[in-house]
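Subject: Structure handover

Hello,

Here is the structure I promised to pass on. Please open it first, then read my notes below with the view beside you.

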Amino acid sequence: MTRRTLVIDNGAYSTKAGYADDVTSLRFARNSIAKSKVTKRTFIGDELSDCTEFSGLMLRTPFERGYLTTWETQRTLWQRLLSEDVLHCEPTEHTLLLTEPCFNLPNIQQQYDEIVFEEFSFAAYNRSCAPFLCSFADPSASSECTLVVDSGYSFTHIVPICNGKVIWKAVRRIDVGGKLLTNQLKELISFRQWNMMDEVYLVNHIKELCCYVSERFDEELEICKRNPNNNDIRVEYVLPDQTGHSHGFIRAKDAKPEEDEQVLRMNSERFTIPEILFHPSDIGITQAGIAEAVIEAVEATQGSYHALFYSNIMLVGGNACLKGIRERLERELRALAPSDYEIRILDVPDPASCAWYGGAAWASQPNFEGRCVSREEYLEHGTNICTARFQAD
């Protein structure tokens, strides 16, 4: 009997998990353990949705600088994920498709293999980077060449994929991700208005709700200097409290303030923070922005593939959900790329979960089983067989 495949996109910020043959089984959860300073309750992964007090929420994550380093925390999160309360998965009866960071370190890869087979005892598994899986998610993408721009929590990677293989020599990394943007916003808010240095969860929500990528940066910067009555960029974010509402929200322009509510006024921060993705040098990071890195990645591939890469760009990851980022990237690429190439950024309905959907699509293909390592093979050959077989991806 064919085993079901469990697909886990194990990101530094969140985990997307579900069965490849059942899209409705997809579960989205923060990849962290949180503890409330108020109630002292601990929330593991998806349990965070039960939290009603987000002020001063203490987060413990298994990832550090983009790599999985705290296995005790990750083990607890995976146990919760596989439990009867979430996915009801018996590892010995399932194949696991698990994502790992690009350029993952060999000693960390070995720990992945050991945990999967020796502690959880999965029947078989494959370990692949998220951009590789994204290339299977969009049927409109070229089956020959796809350029995946994956802007996630820790890094932004530009990954050319040709004929089902990553061209590693052409992969480019920018040390800017969602975590850095959140930290920058946290410092700005704390300096200008409220002290939020300990409010990582709350500031991240503010970023997701208020920030966007500007297409007219200088012009909008001038608008922000105007009187608030003539400034359509300025918004008021109402902070959560323990009595009226547990989640913050943007107050409508014509809404009257309520008594005792705390308000955060978001002005130029809304677009100057995401601007770091396009100009990392603004905060002292001497690296190219996304558009320049895309050009560098394409130019590092074989010349005959350039047209295909420029016309099949996938913009994925949590930062791809920022309003205006697709249009801005397309405009900058049109200005930088040769004029005889078509620039096409594919429409990805759910950029944050693209890797999971791609993994589910790949798991249904006939060649997937041959790219997996069974538990019997692992027990006989150790991690060497995982290294040899997964390097083919």
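**Helix α8 against helix α10**

From helix α8, the residues I290, A291, E292, V294 and I295 meet L329, E332, L333 and L336 of α10. Sorted by class, this contact of α8 with α10 has 7 nonpolar residues, 2 charged ones and no polar ones. Keep in mind that the model is predicted.

How do we describe two packed helices? We give the angle between their axes and the distance between the axes. Helix α8 covers residues 290–299, and helix α10 covers residues 325–336. Their axes come within 9 Å and cross at roughly 50°. That angle makes α8 oblique to α10. The crossing of α8 past α10 is right-handed.

**Helix α4 against helix α5**

Now turn to another helix pair. The axes of α4 and α5 lie 9 Å apart, at an angle of about 100°. Is α4 oblique or roughly perpendicular to α5? Angles of 65 to 115 degrees count as roughly perpendicular, so α4 is roughly perpendicular to α5. On the α4 side, the contact is made by G178, L181, T182, L185 and K186. On the α5 side, V200, V203, N204, I206 and K207 take part. By class, the contact of α4 with α5 divides into 5 nonpolar, 3 polar and 2 charged residues.

Stay with α5, which runs over residues 200–210. Which of its residues are buried? They are L202, V203, N204, I206, K207 and C210. What do these buried residues pack against? Two helices are on the list, α4 (178–192) and α7 (269–272). The strands β15 (235–238), β16 (249–250) and β17 (263–266) are on it too.

**Aromatic rings**

How many aromatic pairs does the structure hold? There are 18.

Y212 has 11%, so Y212 is buried. F271 has 0%, so F271 is buried as well.

Look also for W71, W78, Y112 and F120. Ring pairs link these residues into a cluster.

Start with Q109. It is found in helix α2, residues 106–119. Q109 is buried, because its relative accessible area is 19%. Which residues does Q109 contact, leaving aside neighbours within four places in sequence? They are E100, N104 and R127.

Then find V166, in strand β13 (residues 165–166). V166 is buried, because its relative accessible area is 10%. Again leaving aside neighbours within four places in sequence, V166 is in contact with C129, F132, V159, P160, I161 and V171. How far is the C-alpha atom of V166 from that of S304? The two atoms are separated by 16 Å, and the residues are 138 apart along the chain.

Best wishes

Definitions and conventions:
Residues are numbered from 1 along each chain as its sequence is written. This is a predicted model: local features need pLDDT of at least 70, side-chain atom pairs count only at pLDDT 80 or more; totals for chains, interfaces and linings use all residues. Side-chain values use heavy atoms; hydrogens and water are left out. Helices (H or I, at least four residues) and strands (E, at least two) are DSSP runs, numbered from the N terminus. Buried means under 20% relative accessible area, exposed over 50%, partly exposed in between (1.4 Å probe, protein chains only). Contact means heavy atoms within 4.5 Å. Axes are lines fitted to C-alpha atoms, for helices over the stretch in contact, and angles run from 0 to 180 degrees between N-to-C directions. Angles under 35 degrees count as roughly parallel, over 145 as roughly antiparallel, 65 to 115 as roughly perpendicular and the rest as oblique. A crossing is left-handed if the near helix is turned anticlockwise from the far one by less than a right angle, and right-handed if clockwise. Ala, Val, Leu, Ile, Met, Phe, Trp, Tyr, Cys and Pro count as nonpolar, Asp, Glu, Lys and Arg as charged, and the others, Gly among them, as polar. Rings of Phe, Tyr and Trp (its six-membered ring) pair if their centres lie within 6.5 Å; planes under 30 degrees apart count as stacked, over 60 as edge-to-face and the rest as tilted.
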